[in-house]
Amino acid sequence: MKTIRQRSARFLSALPIGESWGASTIVSGIVLALMLMGTRTTVANEPSDSRLPEIADWLGDHCVDCHSGGDSEAGLDLANLDFSPDAFSQLDFESSDWEKILRRLETRQMPPPGADRPDENAYAAITESLRMVLEHRAQEFPRPGRVAAIRRLTRLEYQYSIRDLLGIEIDAADYLPKDEFSHGFDNITVEELSPTHLNRYLTAGQSISRAAVGGRGNGPVGVTIRQPADRSQESHVAGLPFGTRGGVIFDHHFHRSGMYEIEVKLTRDRDEKVEGLNRPHDMDVLIDRKRVHRFRVQPIKSKGDWKGNDFTHADSHLHARIAIQAGSRSVGVTFPKTSSSLNEIKRQPFDANFNRHRHPRLTPAIFQVSLVGPFERDGTLETEVARTTEEASKTEGELGLNESVSFDELVSTASRDLIFGADFDFDTATREDATRILAGLARRAYRRPVENEDIEPLLSFFDEGLAEGGFERGIESALTAILVNPNFLFRIEAAGKESDQSIARSVAGNTTGHVGNIGDYELASRLSYFLWSSLPDDRLLDLAAEGELQQDVVLRAEVKRMLADEKSIALVDNFASQWLYLRNLGSITPDLRLFPDFDDNLRQAFAQETKLLFQDVLQNDGSVLDLISTQTTFLNERLAKHYGIRGVHGSAFRPVALSPSSRRGGILRHGSILMATSYATRTSPTIRGNWILENIFGTPAPPPPANVPNLKENTAIEVTTLRERLAAHRANPACASCHDRMDPLGFALQNYDAVGRWREFETDLAIDSSGQLPDGSDLSSVDELEAGIVALPEVFVRTLTEKLMTYALGRAVGPDDGPAVRRIVQFAADHDNTMSSIITGIALSDPFRKRTGHL
């Protein structure tokens with residue numbers, strides 16, 4: 001068994017120590033090595049089996065009575081667990097039961113509350129012994145695991161890769177089907193390519209390449225943006241100019257300059273009436289926040305006033321052609337705000353206005369915006385009507401365009417600059433230029449160096465396009481081939497050169513698979529798709545080409561650089577949105593009879609609050625424990641009113657310092673989490689409790705058994721609290737074992753209703769929020785729940801590490817990953833549990849950098 005000193009020496013031998021490396025740097029490397037090993041120096045020299053008798057005696061005293069025989073609790077039979085040194089030196093040793101025991105002891109769930117439980121010092125001693133034994137085993141028999149050698153890009157990874165490769169923003173949901181989830185993330189079930197994906201990739205490649213190059217294609221193309229039916233539009237929309245009301249704003253890439261036709265449809269109720277249209281209204285079309293057209297929306301007069309009842313053609317005139325220059329631009333359609341009057345009713349008006357029967361719209365709202373183009377002026381695409389109206393003339397005047405402007409001229413755009421380079425001379429372009437352009441695109445798209453056999457097929461497509469429509473058409477055709485190439489659509493991993501030199505371990509005549517580093521370019525891709533959900537940039541590819549990326553010092557520096565880049569927002573949009581169930585919010589609609597003030601504006605605000613808190617911890621490198629307990633949250637006026645917090649005005653989100661009386665703070669108090677863990681009609685302490693077990697403590701309850709009866713709801717005869725009904729449910733022994741773990745945690749959040757509002761009563765009965773932590777400690781409020789979580793920081797840090805590692809690797813974290821996870825947790829603890837320390841620890845870990853092959 002190697003000592004800490006020997007392992008540190010081996011670590012340092014991999015560092016590029018030259019004349020520029022001083023003593024302080026070497027000392028820092030030694031300290032880093034010790035932290036990464038995560039092993040106490042006091043036990044480093046102990047033999048791997050030295051603590052097995054102690055562990056066997058401890059488990060015999062506290063656990064075997066319940067966990068033995070055919071009816072052992074949770075199916076864990078400790079009586080058959082082999083504690084002999086020989087068992088630990090077998091290649092087929094299974095660590096799953098050992099990791100399960102350690103997990104329950106770390107969270108103080110076992111022995112169960114009410115049993116004869118050891119004191120805290122005894123818990124600390126036995127968990128340290130288990131960690132040491134499993135760490136020694138992992139050092140002797142490393143098992144970094146295997147990630148599928150071929151994995152398809154997820155929908156969001158495809159979207160971000162297109163952005164960084166070609167400089168255009170797309171919504172991949174318009175092109176590709178939804179990815180399936182497994183273990184909480186959508187980047188795990190991506191090993192196969194369905195026929196649907198194959199067809200969609202071809203269509204997407206053709207459309208995206210034309211948009212990037214600015215090709216003509218087969219005619220105008222369009223996009224339609226539709227608003228959710230339950231979105232209120234009575235106030236300002238973030239991103240639109242102040243002084244406007246309602247509407248929609250979105251980004252769109254205009255691949256050519258020309259005339260684009262925009263059409264707007266108004267929201268109608270079930271009787272096809274336009275609510276709130278009882279007087280004339282103006283509607284503005286904005287390009288890059290500048291008005292380019294104004295519509296007039298008005299009802300038909302009836303008997304001299306505007307209160308007509310015929311809405312058949314209320315929006316049939318809302319279409320026009322406007323001149324737009326090529327490039328990625330912001331498109332907005334909104335109403336100038338004219339008043340802020342309230343309904344003169346006896347009750348306080350709702351904050352939601354989208355339903356005629358419960359909370360009617362006060363003013364007209366936009367249902368959808370369609371944009372089609374470009375229509376050219378050469379007479380081939382019905383363009384002679386472009387200037388037939390006075391409004392069209394005003395449009396061009398406001399844009400500063402006139403008859404001398406040629407809409408066939410392609411202006412410089414970000415995508416064309418990325419493809420061709422600035423000031424590219426198309427008149428003198430040659431096939432050698434095409435080779436250079438395609439080689440650069442292919443290197444970034446394929447995430448590795450390209451050879452002649454990669455370029456030749458692309459040049460064949462270029463030649464075909466060149467013959468059909470010139471140089472740009474040739475590049476467009478070849479770009480389509482790149483975008484449908486498996487080297488772009490799939491992340492393909494192979495073992496690196498070090499794998500060939502790995503030592504195969506042999507015990508009793510058996511051999512394990514060999515363990516070695518993944519390739520340099522594969523590591524660059526793993527890192528970039530972990531932190532950016534996108535392609536590695538030129539710096540990562542250059543470091544891989546130079547063979548430097550595998551060095552710990554370089555890898556740490558790259559993680560720091562990449563987290564500082566704005567593209568790391570992908571960890572918020574991709575990882576946090578899946579881990580915290582934010583992607584589920586769009587499919588949740590609370591019962592409007594019970595929660596009439598709910599609308600899509602509130603749904604979006606819920607998600608934004610949680611994203612901004614995670615983003616704040618990430619970008620400011622705060623402790624991840626701030627996600628649980630913080631005195632700051634992020635609010636806009638709509639969300640602040642919902643929470644009952646005063647002094648927040650406007651549509652923009654901003655950090656708000658909280659007082660204890662606000663009852664707000666960490667994610668357990670966020671409307672997003674509280675709604676995602678409730679039913680449409682009521683809260684669910686069971687779902688909330690299991691969410692905490694899974695995402696905070698890392699010990700989710702097993703799936704419910706078949707034929708479990710539903711919870712009895714209240715009747716007109718008997719009104720009871722949810723706690724009382726769940727107590728009757730737990731009387732069933734088949735239900736009690738899991739509900740006794742889940743429900744007490746969920747009860748601590750029972751003061752928050754199904755849409756996250758604070759309440760003191762449930763069905764006229766006072767709420768009892770008392771509960772219990774997994775270690776048996778009593779709770780009386782959400783404050784004590786948060787305090788209990790923060791009191792054992794390593795538990796939450798370990799759970800978050802496992803979630804991040806699952807996301808980073810694209811596979812489930814298993815028992816063999818336990819030692820690596822504990823090293824990362826120890827590394828994070830030594831660095832104040834910052835988000836960057838966890839991410840850095842993952843990037844430096846064996847499961848992330850190595851893979852197990854076969855001999």
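Me: What is the strand order in the open sheet of 4 strands?
Reply: Happy to start here, with a predicted model in which local features need pLDDT of at least 70, side-chain atom pairs count only at pLDDT 80 or more, and totals for chains, interfaces and linings use all residues. Residues are numbered from 1 along each chain as its sequence is written, and side-chain values use heavy atoms, with hydrogens and water left out. Strands are DSSP runs of E, at least two residues, numbered from the N terminus, and two of them pair if DSSP finds at least two bridges between them. The pairing is antiparallel, and the order is E3-E8-E5-E6.

Me: Which strands stand at the edges of the sheet?
Reply: Each edge strand has a single partner strand, so one side of each is left without a neighbour in the sheet. They are E3 (244–254) and E6 (290–297).

Me: Which residue in E8 does Leu 286 stand opposite?
Reply: Strand E5 (residues 281–287) and strand E8 (residues 327–336) pair in the antiparallel sense over 4 bridges. Opposite Leu 286 stands Gly 332.

Me: How many residues are in the largest nonpolar core?
Reply: A nonpolar core is a set of buried (under 20% relative accessible area, 1.4 Å probe, protein chains only) Ala, Val, Leu, Ile, Met, Phe, Trp, Tyr and Cys residues joined through side-chain atoms within 4.5 Å. Phe 530, Leu 531, Phe 575, Leu 785, Met 835 and Ile 839 touch the most other members, and the core's residues number 100.

Me: What is the mean pLDDT of the protein chain?
Reply: pLDDT is the predictor's confidence in each residue, from 0 to 100. In the chain, 82% of residues reach 70 or more, and the mean is 83.

Conventions. Buried < 20%, exposed > 50% of the residue type's maximum accessible area, 1.4 Å probe, protein only.
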